Each structure stands twice: as C-alpha cells, then as structure tokens.
Amino acid sequence: MDEVDRIVAAWRRERPDLDVSPMEILSRVSRLARQLDLARKASFSDYGIEGWAFDVLSALRRAGEPYQLSPSTLLQETLVTSGTMTNRIDRLVARGWVERRPDPGDRRGVLVHLTDSGRATVDSALADLLVKEREILSGLTSAGSRKLAGLLRELSTGFDGSED
C-alpha cells in the first residue's frame with residue numbers, strides 16, 4: 001500500500017457516492033511527473049541550462065546533421081509562440097549554443113544552427129537525464145516498462161500536439 005492507496009481509501013470512506021478510481025492512476029502519474037521534473041532540473045542545472053533550453057537544443061540535435069531547423073519548425077517542435085521562440089533563440093545565441101545562419105533556400109529566412117558547444121551541452125545533459133530516468137523506472141522489469149509505455153501511449157495519443 002502506498003500513499004495514493006491511502007488517499008483513495010480515505011476518499012472512498014468519506015465519499016462513497018463518487019467513483020474515485022481515476023485517482024489511482026492519475027495521482028501516481030502526477031507524483032511521477034514531479035519526480036521527473038526534479039530529475040530534469042538536477043540534470044540540467046549541472047550543465048547550466050533550463051528545461052526550455054534543453055527542449056530547443058534537443059530539437060536541433062534530433063534533426064541530425066547539420067543540426068539546424070527553421071524557427072517555424074522549432075515552434076512546432078516546442079509548442080511555443082513565435083515571440084517566445086525569438087527570445088529563446090536570442091538567449092541561446094548569447095550562450096554560444098546556437099547561431100542564426102542564412103537559409104540558402106529562402107533569402108529572407110534564417111536557420112537556427114546548433115553549435116559544437118550546444119551539441120556537447122545537450123548530449124551531456126541527455127546522458128545524465130537518462131541515468132536519472134532509469135533510476136525512476138528501476139522498480140519495473142523490462143516487460144513492465146514496455147507494457148507501461150504502451151498504456152501511456154494509448155492514453156496520451158489524443159493529447160499529442162494539443163498542449164498550450
């Protein structure tokens with residue numbers, strides 16, 4: 001029995017007229033999200049970055065060689081407004097992690113390019129984060145991990161791309 005079981009039992013006792021079964025899942029997801037948030041902050045602070053910076057650098061890194069994307073593609077990848085993305089790119093340029101380059105396919109456009117320093121930073125932060133994520137999941141078997149990933153995928157499919 002864990003803390004969520006105790007909370008659910010108390011609600012069932014106090015409000016037997018309500019179906020509190022969603023709490024059995026979503027309260028645990030919420031608690032795990034807090035643990036993941038703490039792990040991300042710890043991993044990223046070691047490299048002097050914040051979560052938003054990791055998200056932008058990661059999008060560029062996942063793009064593959066030559067590690068560059070248009071600002072509009074970065075908007076789609078990170079689900080922020082154009083004003084927010086401009087500010088983020090400016091801050092990453094100031095840190096030396098990205099640079100703006102002319103877009104050879106559009107004279108008026110630019111591409112955001114991941115620098116060697118940005119690549120080293122995101123690669124190191126990712127490796128560190130994955131160690132912490134494995135620790136969070138260490139109570140699961142490989143089969144349990146795959147099963148949970150499938151169930152969470154099924155649950156979250158309708159939400160992909162709809163975040164604000």
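**Close-up views of the predicted chain**

**View 1. The whole chain.** The chain's secondary structure comes to 7 helices and 3 strands, taken as DSSP runs numbered from the N terminus (helices are H or I, at least four residues; strands are E, at least two). This is a predicted model, in which local features need pLDDT of at least 70 and side-chain atom pairs count only at pLDDT 80 or more, while totals for chains, interfaces and linings use all residues. Residues are numbered from 1 along each chain as its sequence is written, and side-chain values use heavy atoms, leaving out hydrogens and water. Along the sequence, the pattern reads α-α-α-β-α-α-β-β-α-α. The C-alpha trace spans about 65 × 30 × 30 Å along its principal axes.

**View 2. The open sheet.** Here 3 strands line up in the order S1-S3-S2 with antiparallel pairing; two strands pair if DSSP finds at least two bridges between them. Strands S1 (68-69) and S2 (98-103) are at the edges, each with a single partner strand, so one side of each has no neighbour in the sheet. S1 meets S3 (residues 106-114) over 2 bridges, and leucine 69 has valine 112 as its bridge partner in S3.

**View 3. Helices across the sheet.** Helix H3 (residues 51-62) lies across S1, S2 and S3, at about 105° to S3. Helix H5 (residues 82-95) lies across S2 and S3, at about 115° to S2. Contact means heavy atoms within 4.5 Å; axes are lines fitted to C-alpha atoms, for helices over the stretch in contact, with angles from 0 to 180 degrees between N-to-C directions.

**View 4. Glutamate 3.** Look for glutamate 3 in helix H1 (residues 3-14). Its C-alpha atom is 9.3 Å from that of arginine 28, 25 residues apart along the chain.
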